[in-house]
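Here are a few exercises to work through with the model open beside you. Try each task before reading its solution.

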Amino acid sequence: MGTAYVRGLQGDQPILKAAACAKHFAVYSGPEEIRHGFDAKVSLKDLEETYLPAFEALVTEAKVEGVMGAYNSVNGVPCCANPFLQEKLKEWGFDGYFVSDCWAIHDFHAHHHITSRPAESAALAIRARCDLNCGCTYPHLLEALQEGPIDRDDIRRACVHVMHTRIRLGMLDEETPFDVFPTRRCRGTGTRKSHCSVQRSPSCCCATRAFCR
């Protein structure tokens, strides 16, 4: 079902209709109230048989464009800086972008206590190939760069992954087949013509050409 959903979202043309995102990677099944600091203890057998197959199918079969890391840790390592999980994505041939869940990198120092401050958390995440931070921690990357835990190549690699997705969405093109989606019919009577199509709006991530320039 997940692979069909991703294929429907992304389409089958050179330009993506949308960039689907698989989440929450992985073992996101702890108590809701402590999810920001929960450590999921799970065997390799359970990982391979229960928690990873759905993600593997989304990557290898549906070619999902994005993967979002979970808030929790897996066997002591936060999901958004987890070498084991990143190695799985590499093994499956994932070539999209990896994004943190919102404020998950902030959780490194606030809840997991594996770092002491935001710059350390940002450095740990980007070195672990978390390309994009949903939250407020990556503004500290410049501080981390100046202090030395990361270098320009770490930042450049993340930027390349994110820009690849924007290119695949056609955001740098003059136009795409998906700038306007005509509907089969308008609901109700007397509906204005402008309500009969869905356009890429400047207010969303799939921006119009004018907004992208």
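Two strands count as paired if DSSP finds at least two bridges between them. Strands (E, at least two residues) and helices (H or I, at least four) are DSSP runs, numbered from the N terminus. You're looking at a predicted model, where local features need pLDDT of at least 70, side-chain atom pairs count only at pLDDT 80 or more, and totals for chains, interfaces and linings use all residues. Residues are numbered from 1 along each chain as its sequence is written, and side-chain values use heavy atoms, with hydrogens and water left out.

**Exercise 1.** Work out the strand order of the open sheet.

*Solution.* Start with S1 and S3 (residues 66–69): they pair in the parallel sense over 3 bridges, and Cys-21 stands opposite Gly-66. Next, S3 runs parallel to S6, joined by 4 bridges; here Gly-69 has Ser-100 as its bridge partner. Put together, the order is S1-S3-S6. That leaves S1 (21–25) and S6 (97–100) as the edge strands, each pairing on one side only.

**Exercise 2.** Decide whether the side chains on the two faces of S6 are buried or exposed.

*Solution.* First, recall that side chains in a regular strand alternate between the two faces of the sheet. Then check each face: Tyr-97 and Val-99 sit on one side, Phe-98 and Ser-100 on the other. All four are buried (under 20% relative accessible area, 1.4 Å probe, protein chains only; exposed would be over 50%, with partly exposed in between). So both faces of S6 are covered.
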